[in-house]
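Please explain how the two chains of this predicted model meet. The account below starts at the interface and ends with the confidence of the prediction.

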Amino acid sequence: MSNATATAPNYELIQRDGLDTGLLEISMGPHHPSTHGVFRMDVKLDGETVVDLQPVFGYLHRNHEKLAENMSYLSSMPFTDRLDYFNSMTNNWAYALAAEQLIEIEIPERAEYLRVIMSELTRLVNHVSLVGFFVNDLGALGTPLLYAFREREKILDLFEQASGARMMCNYFRFGGLRNDVPEGWLDRAREVVDRFPKFLDEYEKLLCENEIILSRTQGVGNLSKELAISAGITGPMLRASGESYDIRKVDRYGIYDRFQFRVPYSEGDVGDCYDRFMVRMLEMRESIGILKQALDGIEDGPVLGNAPKVFKPKPAEAYGRIEAPKGELGFYLIADGTPKPYRFRVRPPSFINLTVLRDMCLGQKVADAVIILGSIDIVLGEVDR
Amino acid sequence: MTTPNTSPGIDLDDTTRAELERAGVIVSKVDYLYNWARGGSVWPLTFGLACCAIEMIASATSRFDISRFGSEVFRPTPRQADLMIVSGTVTKKMAPQVVRIYNQMPEPKWVIAMGACAISGGPFKQGYNVLKGIDRYIPVDVYLPGCPPRPEAVLQSLNYLQEKIRTQDIKSDPAFTVGRRQYPVPEFTGTDLEPPYNPEVWQPPANPNAQPLEEATA
């Protein structure tokens, strides 16, 4: 760990060409266009170089865990939507997985397929928006983000047809899904999925070999594999640092063992912003592959098992985790025999991925700190909970 | 096609008005012209707090396109913005900054409380760290319910705001008479906000059960 952690040089007063220049401290945030929400970075600068960085959060602490400990298990489901508000479907799934361990319930086949379809569509929404925001932080104001949101709207329409809401879907239930998808939904989903690669081609052509993106992101914000593993980084960030680790492959939760897909990861040990950007671009292609297989394999049937709405699980512990678009999202529940959980704990991927922000930013320019933060892919609802 | 009435509230018969317009003269009120221009170019602040911020961004993208209503110029600095869209949950740690940003905005300025959380605390109202409505500290012009509201709703709230702007009277509106409105910034003590609300802006609702004696007996 000692080698892996970068340390700040001990600057007190810098003398340069006879000028006495001290360190400049700036507070970026909580209201700052680049911090992706209400996040604050206290940055110490020597000229333009970051010599120290202190992240300050808690501006969006909404007491998720405490609220969930005071309501029944099912009542927490809509609250999980609002954790990582880009990916309500995957949040639902992680929570449903944890609670299903407590009550041991069979999930119908069709529900399993729809869960995979919804989660992979969510992954597309998340990655495409993230790339848009990331390029926005680089200075490409507008265009890539508008392209990204255009595609996002198509998928949100599907979510709206299935669940009634664009963002806060609240679609999963213990033992399946709340309702079946409407008639013709699968055809519309296939249409969106079939058209998506064409958009990705365009997006990749615009961005992946863009001179400005290459020079701004390559070699910026390096994260070594060693530090990434010891800090508990998961998701695309860990894979960009050279470790092929994907919970869809490790746990094979749901029915992920039935699908053929590859896990993109970076071969080198650099783990810079460009790697993190590229891993997400490649992951979208794999998601489309999974979606096509799932849309081929899905059959008619019920979508909800006979799960009771209010139940009192026996005293037990359960941990359900999934590969959310941002990393490992886990829910840890302790049941004590009452209808409410005794302890409700969220393992948020973006919070844990954020812990290496200081290590990645030291020695970089202040404009790069903005990009590095953007490449981590944080959502403050999940960081602060 | 009829010519729009450019002189509302001015006692002028149609023939005189048409005659004047032929001569290139338009009789109008300063209020009308000023409000027309103001309402057509409201510059919102790029100010995202939580989930609703994503729908606010979506309302600015191509499908919904807030620029049709003249408000696409999102400014990151409060010094150049007219409109603050409080988009999301205001926690007790964040509330002082929200009030401070509002104080920095120049007049005239308006506030849209977007989403259930900004209006009342929403689903997180029971939480120990959530402010139960931003209207406790700053005046709110339009309340936009939803969790989160759809982008179309954002556009409608903007239309309501424009309607409100059109009725502004420059002579009496506080935006033009009292200078830059500033409200005291509450202090976050680590557990709660001090004071809990600004009595100038908000008063706790009266208890409906505590009726005066004569009304109760009548």
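**The interface of chain A and chain B**

Across the interface of chain A and chain B, twelve residue pairs are in polar contact, with both residues of each pair at pLDDT 80 or more. On the side of chain A that touches chain B, two elements give two or more residues: helix H1 (64–68) and helix H5 (143–163) of chain A. H5(A) provides the largest share, seven residues. Sorted by class, this side of chain A holds 17 nonpolar, six polar and eight charged residues.

Charged groups also pair between the chains. The count between chain A and chain B is four salt bridges. One of them joins the side chains of Arg166(A) and Glu55(B), with an N to O distance of 2.8 Å.

The extent of the interface can be given in residues and in area. Chain A has 31 residues in contact with 35 residues of chain B. About 2800 Å² is buried between chain A and chain B, and carbon and sulfur atoms give 66% of that area. Of the area that chain A buries against chain B, 22% is supplied by His31(A), Tyr59(A) and Arg62(A), more than by any other three residues.

The mean pLDDT of chain A is 87, and 95% of the residues of chain A reach 70 or more. Residues 1–6 of chain A have pLDDT below 50, and this stretch has eight contacts in the model beyond near neighbours in sequence. Where pLDDT is low, predicted coordinates should not be read in detail.

Methods: Residues numbered from 1 in each chain as written. Chains lettered and ligands numbered in written order. Heavy atoms only, no water. Contact = heavy atoms within 4.5 Å. Buried area = accessible area lost by both parts, 1.4 Å probe. Polar contact = N/O pair within 3.5 Å; in protein donor to acceptor, adjacent residues only side chain to side chain. Helix = DSSP H or I, 4+ residues; strand = E, 2+ residues; numbered from the N terminus. Nonpolar A, V, L, I, M, F, W, Y, C, P; charged D, E, K, R; others polar. pLDDT = per-residue confidence, 0-100.
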